[in-house]
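Please read it alongside the model.

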Amino acid sequence: MIDTKILLNDFDFAADNLATRGIDKDTLQNLQDKIDAHKKLKIDTEQQQAQQNKLSKQFNLLKNSDDSQEKEICQRKLQDLKESIKKNKSILKAQLNYLEQTLLMIPNLIDKKTPVGKDSSQNVEIKTVLTPPMFDFLPKQHWELAQQNKWIDMESGVKLAKSRFSVLRGMGARLNHALISYMLDFNAKNGFEICSVPVIVNERALLGTGQLPKFADDMFRLENFSEENLTTQTLDNTKKSQDKHNLYLISTSEIALTNLYQDTIIPEENLPILLTAYTPCFRKEAGSAGRDTRGIIRQHQFDKVELVAITSQQESEAMQQRMIDIASGLLESLELPHRLMQLCSGDIGFSATNTVDIEVWLPGQNCYREISSVSNCADFQARRAKIRYKQGGKNILTHTLNGSSLAVGRTLVAIMENFQQSDGNIKIPKVLEKYL
């Protein structure tokens, strides 16, 4: 979440910045007033508690006194203070709950690199990499090629689940697994530790990286999951009550990888922490009705290899560029033309302060389509998940970054369309040959 100190100490900056993301100034003004009221009441309550302690000592001295009137006055004051403090604490608890819930809905501040814009039409192209191939025939779209080569079975996906599910078969499935292995090896060679993480997480993890509460409608929540199943011998008994949450299927392994370090203070010499993982991912795709209904561009279940970095505050900008270079280098090694796009304030993700999208060329669709997003979240997620590092005796919030490397299904689509032959057969990129 955003730093409330910025809201209190530099309100105009925060209001102007968040206005580019559609947050109304009156909403922020109301939030600031509520924060001020909470701070004032907290100070008043602390003063009353100090006065209560002072009177308690005075009353103890008066216990053996013959002055019953003075004792009665002191006792009455103590009772009044006790009731007032109790009332204030109840109000403070309600105020704090309101502030926390409101702050969880406020997106990250954008940084100086992020251009102001309303939507994706105002994103800025940084550069293109590789030249799109020229064909002496009309290139087919991937679902036509999938049907001809029997790589993707859309009908069985619908039969087994519903629309926006599919089954990869034969060479399609083999190539999908080859891509996953190649991506993980590529990332490992670039210094990222390979992890295998759960695809089911609790609410705390989703709050930490910003999927909840904002995007609850796009998450698959597990129903009727037994409470007993959450309790294992490894759980600290004092924390069992904190685990009474709904469980969800992950929409990205960023959630699990980043939250490996929730509530952790990391020695500065251990930074940066670089992680990569393959997982299936799950999204309801709320609001996408009618978009990309054919093929596997937009699925409820899809495979993705993710990059996550946890860094010091000074390193995050350079780390973002490193992660962009890795994702772009991966596509270049697969001989897939792509371009880098700087996202504007109206298109950037909720938790990000800066995002560069990588869009791969799809000749069948005659356009570029997103295949990776590399985001710097600064301290936004770290504040929510309480991820800190020790520097000079102080605990400082880390910066967190994440990026797709890559969306596996979309990479498969890009290979099919870019490497298609006139007879409908599909060549395999050279770097994948040893994985097949």
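Pro213 sits in the loop between α8 and β6 (220-221). Helices (H or I, at least four residues) and strands (E, at least two) are DSSP runs, numbered from the N terminus.

This is a predicted model, in which local features need pLDDT of at least 70, side-chain atom pairs count only at pLDDT 80 or more, and totals for chains, interfaces and linings use all residues. Residues are numbered from 1 along each chain as its sequence is written, and side-chain values use heavy atoms, with hydrogens and water left out.

**Backbone geometry**

A cis bond also runs from Ser405 to Leu406, with omega near 5°. Leu406 lies in strand β16. Most residues other than glycine have a negative phi, and most peptide bonds are trans.

Positive phi values occur too. Lys150, not a glycine, has phi near 60°. Its place is the loop between α5 (142-149) and β2 (152-153). Lys150 counts as exposed because its relative accessibility is 67%. The classes are as follows: buried means under 20% relative accessible area, exposed over 50%, and partly exposed in between (1.4 Å probe, protein chains only). Asp263 has a positive phi of about 55°, although it is not a glycine. Asp263 is found in the loop between α9 and β8, and it is partly exposed, with a relative accessible area of 42%.

**Salt bridges**

How many salt bridges does the rule give? The count comes to 12. The rule asks for a side-chain nitrogen of Lys or Arg within 4 Å of a carboxyl oxygen of Asp or Glu. Side chains of opposite charge can pair when their charged atoms come close.

| Pair | N to O distance |
|---|---|
| Glu317 and Lys113 | 3.2 Å |
| Arg204 and Asp263 | 3.0 Å |
| Glu359 and Arg339 | 2.7 Å |

Take Glu317 and Lys113, joined by a salt bridge. The pair links distant parts of the chain, 204 residues apart: Glu317 is in helix α10 (residues 316-333), and Lys113 is in the loop between α4 (68-103) and β1 (124-129). Glu317 counts as partly exposed, at 41% relative accessibility. Lys113 is partly exposed too, at 40%.

Asp263 returns as the salt-bridge partner of Arg204. Arg204 is partly exposed, at 23% relative accessibility.

Are Glu359 and Arg339 buried or exposed? Both are buried. They meet in a salt bridge. Glu359 lies in strand β12 (residues 354-362) and Arg339 in strand β11 (residues 338-342), so the pair ties together parts that are 20 residues apart in sequence.

Salt bridges that share partners also join Asp3, Asp379 and Arg383 into one network.

**A buried threonine**

Asp379 is also among the residues that Thr398 touches. Thr398 is in the loop between β15 (394-397) and β16 (399-407). It counts as buried because its relative accessibility is 0%. Not counting residues up to four places away in sequence, Thr398 touches Ile266, Ile310, Thr311, Ala378, Asp379, Ala382, Ile387, Arg388 and Tyr389. Contact means heavy atoms within 4.5 Å.

**Domain 1 and domain 2**

The protein is divided into domain 1 (4-105) and domain 2 (120-223 + 246-435). These bounds come from an automatic or database domain assignment. The domain centres, taken over C-alpha atoms, are 45 Å apart. Their contact takes 4 residues from domain 1 and 10 residues from domain 2.

How much area do domain 1 and domain 2 bury between them? The figure is about 660 Å², 54% of it on carbon and sulfur atoms. Buried area is the accessible area (1.4 Å probe) that two parts lose on being put together, summed over both. In domain 1, Arg21, Leu104 and Met105 lose the most area to domain 2, together 82% of what that side buries.

Between the domains there are 0 salt bridges.
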